[in-house]
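Colleague: I have a model open and want to know how it is put together. Can we go through it piece by piece?

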Amino acid sequence: MLGRSANGIFWLFRYLERAENISRLIEAGFRMALTRDASDASDEWRSLIVTLGLQPGFEARHGREYTGPHVFNYILRDRDNPGSVLMMTEMARTNARMVRAGITREVWESVNDGWMRLRDALARPVTETRLGDVLDLVRRQSTQVRGAMEGTMLRNEIYNFARLGSFIERADNTARILDVKYYVLLPSVSYVGSSLDNVQWENVLRSVAGERAYRWLNAGRMDPRGIAEFLILDGRFPRSLAFCYSKLRSNLASLAREYGGEMHAHEILRDADCQFHHATIDAIFEQGLHEFIGTFIRNNTALALQIQRDYRFID
Amino acid sequence: MTKTSPSLYDEMLNADGSVRPAYAGYCKWYDEQPPDLLRRKGSEAEAFFRRTGITFNVYGSEDAEERLIPFDMVPRIITAQQWRKLQRGIEQRVRALNAFLHDLYHRQEIVRSGRLPARLLKNNDAFLPEMVGFTPPGGVYTHIVGIDLVRTGEDDFMVLEDNARTPSGVSYMLENRETMMAMFPELFTRVRVREVSDYPRRLARSLAACAPPAFSGKKPVVAVLTPGIYNSAYFEHAFLADQMGAELVEGSDLRVENGRIAMRTTRGYLPIDVLYRRVDDEFLDPLTFNSSSVLGVSGIMDVYRAGGITIANAPGTGICDDKAIYSFMPEIVEFYTGEKPILQNVPTWRCAEPDALAYVLDNLADLVVKEVHGSGGYGMLIGPTSSKKELAAFEVKLRARPENYIAQPTLSLSTVPILTKAGLAPRHVDLRPFVLVSPNGIDITPGGLTRVALKKGSLVVNSSQGGGTKDSWVLDD
């Protein structure tokens with residue numbers, strides 16, 4: 001397949017994944033803000049903008065006034081925000097159009113259909129009343145595309161590049177959420193579990209759609225170490241770092257089989273992968289959660305770049 | 001079901017309102033349908049097109065990044081017998097076009113014999129000196145041709161235009177049929193219509209049969225070269241590549257490697273044998289033609305001339321789309337085939353000739369005047385629908401550069417009904433059959449693309465100017 005098409009499909013799925021994750025983050029932020037007083041709510045919205053790395057752009061636009069509607073409209077539909085869900089979905093669709101010959105009709109139609117619906121829904125400012133529906137729409141699109149992929153795409157290199165894009169992005173997103181919230185999870189000596197902490201922890205889980213799974217596995221007991229372990233090391237949870245890396249591993253392995261050999265990216269992956277095999281959550285906390293995540297994000301980015309080089313995404 | 005004007009030929013109805021044989025089966029079916037069925041299906045079809053992304057882009061219109069070409073649900077029907085005659089005529093014309101191109105770029109016998117004025121080639125941008133003395137692989141110049149036909153009576157089909165450069169629209173022919181079959185499956189069990197769906201397969205086969213001398217593998221590698229997603233026909237480029245199982249490449253994917261044109265794949269650079277290019281000559285090779293082009297490949301013309309790749313259609317075929325050349329097609333057909341043309345041209349005045357120019361100036365209000373190099377319905381004058389001011393302005397242009405224009409009578413084009421809010425109503429149509437040429441022969445897909453002027457009385461069928469399309473049926477015997 002063409003290097004440009006591989007790049008197109010890789011980014012198509014990165015954009016879709018990112019749009020979906022952003023919508024979860026907004027939803028979690030919205031819930032938090034609803035249960036707080038005005039100044040705490042504003043902190044909550046601000047932390048959302050920080051997580052997404054949008055602070056300079058947002059403040060240039062709205063100043064330091066972090067109100068809900070300002071924040072979620074900026075993230076969802078601001079045309080000056082290249083990372084907005086609207087722009088992301090548009091870029092996803094542009095990429096899908098570019099690689100039209102490489103994806104099935106079902107995949108193309110679900111991307112195109114989702115884009116049309118979202119474009120309409122985001123044509124005017126989103127109010128708090130409409131927010132839920134809009135977020136729902138974003139997730140639904142992602143789910144539909146994934147379903148169409150699963151059901152209709154040949155399991156070949158195109159599929160592998162799509163999956164690599166999805167999981168590189170998902171790992172990055174989960175890691176970034178952890179990075180911004182790590183202090184919430186830091187158990188301190190003077191730690192006394194208050195109900196506020198419980199809400200905070202649950203919010204971290206909620207922003208990666210993990211609250212139900214975690215509760216189910218832990219019989220409803222909230223504890224920060226457990227949550228960090230769950231999000232980093234639990235290979236059963238589809239948004240954990242370990243899960244994403246097991247998927248990256250299997251898709252890169254398929255590529256190696258198909259291409260008759262490994263590339264430099266395979267080496268990088270092996271190194272990065274080690275951290276999940278031997279790590280325990282205690283060791284991670286000892287090293288420092290923040291440092292661990294920082295290293296992870298850097299390595300993840302390096303892996304993505306190496307995949308793009310090895311498979312000639314660009315000249 | 002509909003009223004027709006007695007001076008016009010309606011393809012569905014006789015002047016007395018009775019149904020012509022071609023439409024007998026369809027009309028019988030139509031009469032049995034609930035009154036609102038077609039309109040309901042119409043909005044279904046539009047939603048279907050939007051979702052599938054069958055769109056075209058209009059250059060220079062800001063708000064409409066992607067527009068749908070309106071699709072009308074009433075098919076355009078041609079009988080098997082009519083089609084046989086058309087097929088013979090088209091084949092003869094396409095054979096002549098290829099012989100003509102070979103001659104133009106070699107000995108120019110037709111000019112030497114005095115049948116074609118040399119001035120038509122001089123200073124004509126569509127004539128490429130780079131092609132002189134070179135014979136493309138398999139001797140084929142026009143791998144894909146679209147012949148635009150209009151009809152004025154029962155047996156009166158005429159050629160309005162030859163599209164030998166890069167004819168587009170075939171994806172609409174295919175999608176229109178898909179749509180009709182999805183909307184009205186039972187109709188196709190009642191009326192036997194000839195298949196068009198194997199066009200992409202035939203195209204792939206036809207292109208593969210023209211592999212260049214450098215080809216040495218088992219199966220020629222075919223790629224479709226597109227200017228990119230913002231081109232008006234991008235949907236078609238992607239569609240055809242997909243259906244043929246070929247790569248859809250852009251200029252930035254390609255480079256010259258070891259005397260071949262190679263595409264950057266995830267496994268490295270892979271040589272292409274046949275390039276179905278949907279990029280104009282001018283942009284094909286920045287080293288040879290437009291140096292600012294980013295759509296083509298530097299050095300492709302050298303590789304081509306050295307036998308490293310087949311370019312379809314060959315560069316320089318656009319000369320056949322020139323309307324001054326068109327006016328000589330009857331002579332061209334006779335010169336190369338030794339036969340009388342089966343398909344006639346529309347009568348054409350060449351404004352370069354003083355007598356013709358005088359006539360055209362005297363009758364401007366009744367004529368259609370076209371630029372010889374124009375296409376897409378741009379830069380033309382339709383006398384009968386133009387204001388005095390427009391006519392006067394055009395006259396100035398015409399007098400200044402008469403050789404730049406040809407004129408034709410305003411034809412009473414045939415009509416086929418379309419579905420309007422007020423029921424069926426006749427509208428003017430044309431037909432573009434698609435022709436494939438390979439060393440193995442000439443292959444014409446039954447039917448083609450019917451374009452229809454949606455505005456009442458309008459004769460302009462171009463999609464860029466408010467035209468629509470119809471499914472085109474050739475009945476099985």
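Modeller: First, a definition: a residue is buried if 20 or more other C-beta atoms lie within 10 Å of its own, exposed if 12 or fewer, and partly exposed in between, with C-beta atoms placed from the backbone. This is a predicted model: local features need pLDDT of at least 70, side-chain atom pairs count only at pLDDT 80 or more, and totals for chains, interfaces and linings use all residues. Residues are numbered from 1 along each chain as its sequence is written, while chains are lettered from A and ligands numbered from 1 in the order in which they are written.

Colleague: What percentage of the residues in chain B is buried?

Modeller: Chain B has 477 residues. Taking the cut-off of 20 or more other C-beta atoms within 10 Å, the buried share of chain B is 44%.

Colleague: Why is chain B called as compact as a globular protein of that length?

Modeller: Chain B holds 14 helices and 21 strands; helices (H or I, at least four residues) and strands (E, at least two) are DSSP runs, numbered from the N terminus. The globule rule is 2.2 Å times the number of residues to the power 0.38, and the radius of gyration is taken over C-alpha atoms. For 477 residues the rule gives 23 Å, so chain B is as compact as a globular protein of that length, with a radius of gyration close to that value: 23 Å.

Colleague: What share of the contacts in chain B with a separation of 6 or more joins residues 24 or more positions apart?

Modeller: Two residues are in contact if their C-beta atoms, placed from the backbone, lie within 7 Å. Among contacts in chain B with a separation of 6 or more, the share from residues 24 or more positions apart is 69%.

Colleague: How far apart do the domain centres of chain B lie?

Modeller: Domain bounds come from an automatic or database domain assignment. Domain 1 of chain B covers 21-341 + 412-474, and domain 2 covers 348-409. Eleven residues of domain 1 of chain B are in contact with ten residues of domain 2. The C-alpha centres of these two domains of chain B are separated by 27 Å.

Colleague: Which helix gives the most to the side of domain 1 of chain A that touches domain 2 of chain A?

Modeller: Chain A splits into domain 1 (1-153) and domain 2 (162-315). In the contact between them, 22 residues of domain 1 of chain A meet 22 residues of domain 2 of chain A. Both α1 and α2 (38-51) of chain A supply at least two residues of the domain 1 side. With 17 residues, the top contributor to that side is α1(A).

Colleague: Which residue of chain A has its C-alpha atom 6.6 Å from that of A:I9?

Modeller: A:I9 is found in helix α1 of chain A. A:I9 is buried, with 28 other C-beta atoms within 10 Å. Beyond four places in sequence, A:I9 touches residues including A:V99, A:I158 and A:G165. The residue with its C-alpha atom 6.6 Å away, 152 residues along the chain, is A:F161.

Colleague: Which helix gives the largest share of the side of chain A that touches chain B?

Modeller: The contact takes 20 residues from chain A and 18 residues from chain B. From chain A, α1, α5 (85-98) and α6 (105-121) each supply at least two residues. The largest share, five residues, comes from α6(A).

Colleague: Which residue is the bridge partner of B:R432 in β20(B)?

Modeller: Two strands pair if DSSP finds at least two bridges between them. Strand β17 (residues 423-432) of chain B has seven of its ten residues buried, so β17(B) is largely enclosed by the rest of the structure. β17(B) pairs with strand β20 (residues 449-453) of chain B in the antiparallel sense, over four bridges. In β20(B), B:R432 is partnered by B:L449.
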